[in-house]
Amino acid sequence: MSQIAQIHNLELVRTAAERLAGRTAGLPGMAALYGPAGYGKTTAALAIANENRAYFVQMRSAWGRKALLEKVLLEMGAKPHGTIPQMLDQVCEQLATSGRMLMIDEFDYCIRNDSMIELVRDIYEGSQATLLLLGEEMLPQKLKRWERFHSRILSWIPAQPVSVADAGALVPIYCPGLHVAGDLLEHLVRVSGGSVRRVSVNLATIHEAASVEGWDSVDRKAWGERPIYTGDAPRRAA
Amino acid sequence: MSRKPITTYAGGKGPRQRIWEAIRAQQGEAWTRYHIARVAGVEDNTLTTYVQALHKAGVVEKIGEAPVGNIAAEGQWRLARDEGLEAPRLRRDGSRVTQGFAQEAMWRTLRLVKDDTNARELAAHAGTETIPVVEVSAKDYLQALLRAGYLIRTREGKGRGNGGIPARYRLNPARNTGPRPPMICRTKVVYDPNEDKVVWAPVVTEEDAIYGT
């Protein structure tokens, strides 16, 4: 049996990827998915990367231009060697010939200096491939500084907070064989602050408690005052 | 006569990959099968089969015949569509092979997800509509990777079935060897194409050979 969580963000990314792939010549080929941590951006993009075998790299704060190119080449299965311009050519050639998408996670690390932004634009211009950039909430505003880059983004996708429907789709994965009542799901979504990650963590905790208690179904009343992970810093004891 | 450097494919290379690289190295110029077989160091049959598949898929095209000596002739071929570093995975009839993509998706997921995961969650994250991943194969893959030292078990499993709590794993950061998924071969041997070596093999005794395992 296989379960795929069709949460809303995944659908948004899939639509954007299809729009990018099917764009008419002349239209820009980049998309940006942005939103707060825990909204499931990486998970949604990863699911799409698995669907169309995209190259996926996670930026690190310590990376410069050379490191980024090396990591992309490694991800392509190539041996990185040569100068920055040579590696740029190799990346562009591989993206253009394979027709695969490039996804860059934690793109915020690129916005700290002009040369990184220009490098990503070079990759895009040199390959005319499709790129998906993942970043924090303020990504669109921050990118405005680079007009030539900003204008190459076809779709801006704000990641959506977790919904009760999303939580329902996660139940079979995190709580197999357990019925989780609607009121408890609503409660989880309310206290999660929009974060898919927190809902998942809480569902896993519920599943564990249920297997200890021998529950077949659980609702808000049965859960009672047991702790729920909200991500808040602990309060001072009264 | 300067040729631009060809990007080299990292890790282990099978015969088809070597053929593909030899074809790409011609940079769009005409080639004969004899020449490619020599450069790639493969059997003629292997080459013929693969060139046929490439031809059916429209990746290479025949552009004519060139005389060899007085009576024989030899086909001249050319790369029609470059598909990048990775040799196209094709059947004899030119259709695409998707076998192995499920393990590739699981490996990609393990490398990217920061939290630990269990078999069910891995199957859900790695599976897609076209290439679903069943929980059992996720479990098998996780166990094989654990044996071969790729994973850290963050939590022991307890019990079985729906009531049980499955073990949780995450990737050992030191064993993030590259983009190509470690493969579980038919003999249960785990082969890592990134490092081009066997990273785990079952212990075999003389009695296994006599009585079977």
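Mentor: Let us start with Ser192(A), which sits in the loop that joins α9 and α10 of chain A. Please keep in mind throughout that this is a predicted model.

Trainee: Is Ser192(A) buried or exposed?

Mentor: The general idea is that a residue is called buried when its relative accessible area is under 20%. Ser192(A) has a relative accessibility of 0%, and therefore it counts as buried. Leaving out residues up to four places away in sequence, Ser192(A) touches Val162(A), Arg198(A) and Val199(A).

Trainee: How many of the residues of chain A count as buried, as a percentage?

Mentor: Chain A has 238 residues, and 52% of them count as buried. Its secondary structure comes to 11 helices and seven strands, and its C-alpha trace spans about 60 × 45 × 35 Å along the principal axes. If you take the contacts in chain A between residues at least 6 apart in sequence, 75% of them join residues at least 24 apart.

Trainee: How should I read a helix such as α10(A), and which of its residues are buried?

Mentor: In general, an α-helix has 3.6 residues a turn, so residues three or four places apart point the same way. In α10(A) the buried residues are Val196(A), Val199(A), Ser200(A), Asn202(A), Leu203(A), Ile206(A), His207(A), Ala209(A) and Ala210(A). Among the elements that cover these buried residues are α8, α9, β7 (217–218) and α11 (220–223) of chain A.

Trainee: What span should α10(A) have, and how far apart are its end C-alpha atoms?

Mentor: At 1.5 Å a residue, the 18 residues of α10(A) should span 26 Å, and the end C-alpha atoms are 26 Å apart, so the two values agree.

Trainee: Which residues have the most contacts inside the largest nonpolar core?

Mentor: The idea is to look for buried nonpolar residues whose side chains are joined to one another. The largest such core has 49 residues, and those with the most contacts inside it are Phe56(A), Met103(A), Leu132(A), Leu170(A), Val180(A) and Leu203(A). At least two residues of this core come from each of α1 (8–21), β1 (30–34), α2 (41–52), β4 (131–135), β5 (153–158), α8 (164–174), α9 (182–191) and α10 (196–213) of chain A. Apart from this core lies another, of 40 residues, which includes Leu68(A), Val91(A), Leu102(A) and Cys110(A).

Trainee: With what is Val180(A) in contact, once its neighbours within four places in sequence are left aside?

Mentor: Val180(A) is then in contact with Val171(A), Cys175(A), Leu185(A) and Val218(A).

Trainee: Which residues have a positive phi although they are not glycine?

Mentor: Two cases can be set side by side. Arg53(A), in the loop between α2 and β2 (55–58) of chain A, has a phi near 50°, while Gln128(A), in the loop between α5 (114–127) and β4 of chain A, has a positive phi of about 50°. Arg53(A) counts as buried, at 15% relative accessibility, whereas Gln128(A) is partly exposed, with a relative accessible area of 43%.

Trainee: How many cavities of 30 Å³ or more does a search of the whole structure find?

Mentor: Rolling a probe the size of a water molecule over the atoms shows where empty space is left. Here the search finds two cavities of 30 Å³ or more, and the largest cavity holds about 60 Å³ of space.

Trainee: How much space lies in the second largest pocket?

Mentor: About 990 Å³ of space lies there. Of the 37 residues that line the second largest pocket, Tyr9(B), Glu86(B), Arg89(B), Arg180(B) and Met183(B) are the closest to its centre. The helix α4(B) gives the most to this lining, with six residues, and the lining divides into 19 nonpolar, seven polar and 11 charged residues.

Notes:
Residues are numbered from 1 along each chain as its sequence is written. Chains are lettered from A and ligands numbered from 1 in the order in which they are written. This is a predicted model: local features need pLDDT of at least 70, side-chain atom pairs count only at pLDDT 80 or more; totals for chains, interfaces and linings use all residues. Side-chain values use heavy atoms; hydrogens and water are left out. A nonpolar core is a set of buried Ala, Val, Leu, Ile, Met, Phe, Trp, Tyr and Cys residues joined through side-chain atoms within 4.5 Å. Buried means under 20% relative accessible area, exposed over 50%, partly exposed in between (1.4 Å probe, protein chains only). Helices (H or I, at least four residues) and strands (E, at least two) are DSSP runs, numbered from the N terminus. Contact means heavy atoms within 4.5 Å. On a 1 Å grid over the protein atoms alone, a cavity is a set of points where a 1.4 Å probe fits but cannot get out, and a pocket is an open set with protein on both sides within 12 Å along at least five of seven lines; lining residues have an atom within 4 Å of a point. Grid points are joined across faces, edges and corners, and a volume is the space filled by probe spheres set on the points. Ala, Val, Leu, Ile, Met, Phe, Trp, Tyr, Cys and Pro count as nonpolar, Asp, Glu, Lys and Arg as charged, and the others, Gly among them, as polar. The expected span of a helix is 1.5 Å times one less than its number of residues.
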